[in-house]
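Try each task before reading its solution.

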Amino acid sequence: MDTILSKRLQMVADFIPKKSKLLDVGSDHAYLPIALVEAGHIDAAIAGEVVKGPFESAQKNIAASGLDQQIEARLASGLAATTLEDGITAISICGMGGRLIAEILEAGKDKLEAVETLTLQPNNREDDLRRWLRDNDFRIQAEQILEENGKYYEIIQAVHGSAFLSALDCRFGPFLLKEKSPIFIAKWQRELDKLQYALSCVPEDNQLDRSAISQKIKTIEEMIS
Ligand code: SAM
């Protein structure tokens, strides 16, 4: 049976290097590892999940796929789902806030040395995650932005190494900013609309808040112009 992924998870799947040994953190249904192994894209994976219900659902789906020799579900928080002996070469962490993803990476730092590629899909606070990557000697090597069901998602792929990232790069994404795709423009136009509405609600005598919002508006306008 071929597992059909959502557009978001399919784009994440396309980022996972072929033949990786993957740890998917927060693998509630194990859809990503199952689809990748079914497609012959990777040979083996660990589906890590910290909550019992989703973990059981991952276990059930792995059993139903007949791939329990290649994929193992483990009940654990973050990178505690693996040991160095597992030989993990790629990690995916998707569908969580950027700060939580950074916290998971920070807590599992000792496991990251042997890992070649991180594929991360934060649902928000992408800037915090990019800052963590920069400050911990990870270099962003690719990014993608997509829209699905009215939501915008960013995918970040990072490898060991260092690269300069400005505050604007952290906020908008170095590759996304360079490309300025129509989806990128639409995401930030929506943000701009929200900020303009927020500004219209702030009384004229509250200059502190007005100027903070106006500054954000100005930055976004400059980025999408
Ligand atoms: N990764 C899937 C995706 O992108 O569709 C599932 C996203 S779901 C919104 C987030 C999952 O991450 C939940 O099942 C949650 O229990 C799990 N999770 C949150 N913190 C975690 C942690 N520290 N370690 C492992 N799993 C975690």
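**Exercise 1.** Work out how helix 4 and helix 5 are oriented relative to each other.

*Solution.* Helix 4 and helix 5 are roughly parallel to each other (angles under 35 degrees count as such). To see why, start with the axes, lines fitted to C-alpha atoms over the stretch in contact, with angles running from 0 to 180 degrees between N-to-C directions. Those of helix 4 (residues 98-107) and helix 5 (residues 126-135) come within 7 Å and cross at roughly 25°. Next, list the contact (heavy atoms within 4.5 Å): helix 4 gives Gly98, Arg99, Ile101, Ala102, Leu105 and Glu106, and helix 5 gives Asp128, Leu129, Trp132 and Leu133.

A word on the source: this is a predicted model, where local features need pLDDT of at least 70 and side-chain atom pairs count only at pLDDT 80 or more, while totals for chains, interfaces and linings use all residues. Residues are numbered from 1 along each chain as its sequence is written, and side-chain values use heavy atoms, leaving out hydrogens and water.

**Exercise 2.** Describe how strand 6 and strand 7 are joined.

*Solution.* First, find strand 6 (residues 138-148) and strand 7 (residues 151-160): they run antiparallel, joined by 10 bridges. Then pick a position: Glu143 is opposite Ile156 in strand 7. Finally, inspect the hairpin turn, where 2 residues lie between the strands and Asn149 has a positive phi of about 50°.

**Exercise 3.** Decide whether His41 is buried or exposed.

*Solution.* Locate His41 in the loop between helix 2 (31-38) and strand 2 (44-49). Its relative accessibility is 13%, so His41 counts as buried (under 20%; exposed is over 50%). Beyond neighbours within four places in sequence, His41 is in contact with residues including Ala13, Ile16 and Leu36.

Methods
Helix = DSSP H or I, 4+ residues; strand = E, 2+ residues; numbered from the N terminus. Parallel < 35°, antiparallel > 145°, perpendicular 65-115°, else oblique. Pairing = 2+ DSSP bridges. Buried < 20%, exposed > 50% of the residue type's maximum accessible area, 1.4 Å probe, protein only.
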